[in-house]
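Here is a short briefing on one protein model.

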Amino acid sequence: MTMTLQIGEKHFSSAQPEAAARRIVTFKVGDRTFGIDVGMVREIKGWQATTPLPHAAPHVRGVLNLRGVILAVYDLRTAIGIGVTEATATHVIVVVDVEDKTAGLLVNSVSDIVDVPVSAVRPAPDLERDEHGLIEGLVLLDTDIVALLDLAAVIRDGGVDAQTRAARAAA
C-alpha cells in the first residue's frame, strides 16, 4: 500500500497566528518526538523497500526511485543512536529538501503540523550539540519535548562521531 501526502503545496492556518513563529512537522522515531520546519518537507510517503548501497554510512538505509529521482533514505533511528529500524508497512518516509538535495527520512509516523513561537525554542544541551550536532533546539508541546533536527547534520554524518568520520575518511 502506498500513501502519499503532498505538503509543499498545502497552506495551513492556525486559529491565532504568532507574529514570529516556526511551522514544524512533528514525527515519531521510536517513542521520541522530533520536528523539522514544514518548508523542508516535500511529501510524506508510505514505506517502500530501498536498495542498499555498498560502503554507505550506517544511517543510510539505501536508495529508492521516486518518480524518476534516485532518493537516498536515511534511518533516523540509526542516526540518533537507538538502533536500526525494522521497517513495516506502518512506517513512512518523509521526503525533504536539504542543502540542494532531496532525501528521505525513515520514521515511525508523522504526528502533526504545529506553529511554535520562536521564543519557545530552547537551545539543545551542550553535550548533545558537541557530540553530534543533530539537535538545533527543543520545544515543549503539551507534555512532549520535541527535538528540532538539524537535517544537514543528519544527512551529512547521521550522528557519527568525529573519530569515526576521520577513520572513514582515511580508509
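The largest nonpolar core has 29 residues, and Phe27, Ile36, Leu76, Val96, Leu105, Val107 and Leu149 have the most contacts inside it. A nonpolar core here is a set of buried Ala, Val, Leu, Ile, Met, Phe, Trp, Tyr and Cys residues joined through side-chain atoms within 4.5 Å; buried means under 20% relative accessible area, with a 1.4 Å probe and protein chains only. The model is predicted: local features need pLDDT of at least 70, side-chain atom pairs count only at pLDDT 80 or more, and totals for chains, interfaces and linings use all residues. Residues are numbered from 1 along each chain as its sequence is written, and side-chain values use heavy atoms, leaving out hydrogens and water.

- H3 gives the most, with 5 residues.
- Leu76 touches Phe27, Val29, Leu105, Leu106, Val107, Leu149 and Val154, not counting residues up to four places away in sequence; contact means heavy atoms within 4.5 Å.

**Rings**
- Phe27 and Phe34 form a stacked aromatic pair, 6.4 Å centre to centre with 25° between the planes; rings pair if their centres lie within 6.5 Å, and planes under 30 degrees apart count as stacked.
- Both Phe27 and Phe34 are buried.

**Strands**
- S3 and S11 run parallel, joined by 3 bridges; strands pair if DSSP finds at least two bridges between them.
- Thr33 has Val146 in S11 as its bridge partner.
- S10 (residues 135–141) pairs with S11 in the antiparallel sense over 6 bridges.
- Leu138 stands opposite Ala147 in S11.

Methods:
Buried < 20%, exposed > 50% of the residue type's maximum accessible area, 1.4 Å probe, protein only. Helix = DSSP H or I, 4+ residues; strand = E, 2+ residues; numbered from the N terminus. Phe/Tyr/Trp six-rings, centres within 6.5 Å; stacked < 30°, edge-to-face > 60°.
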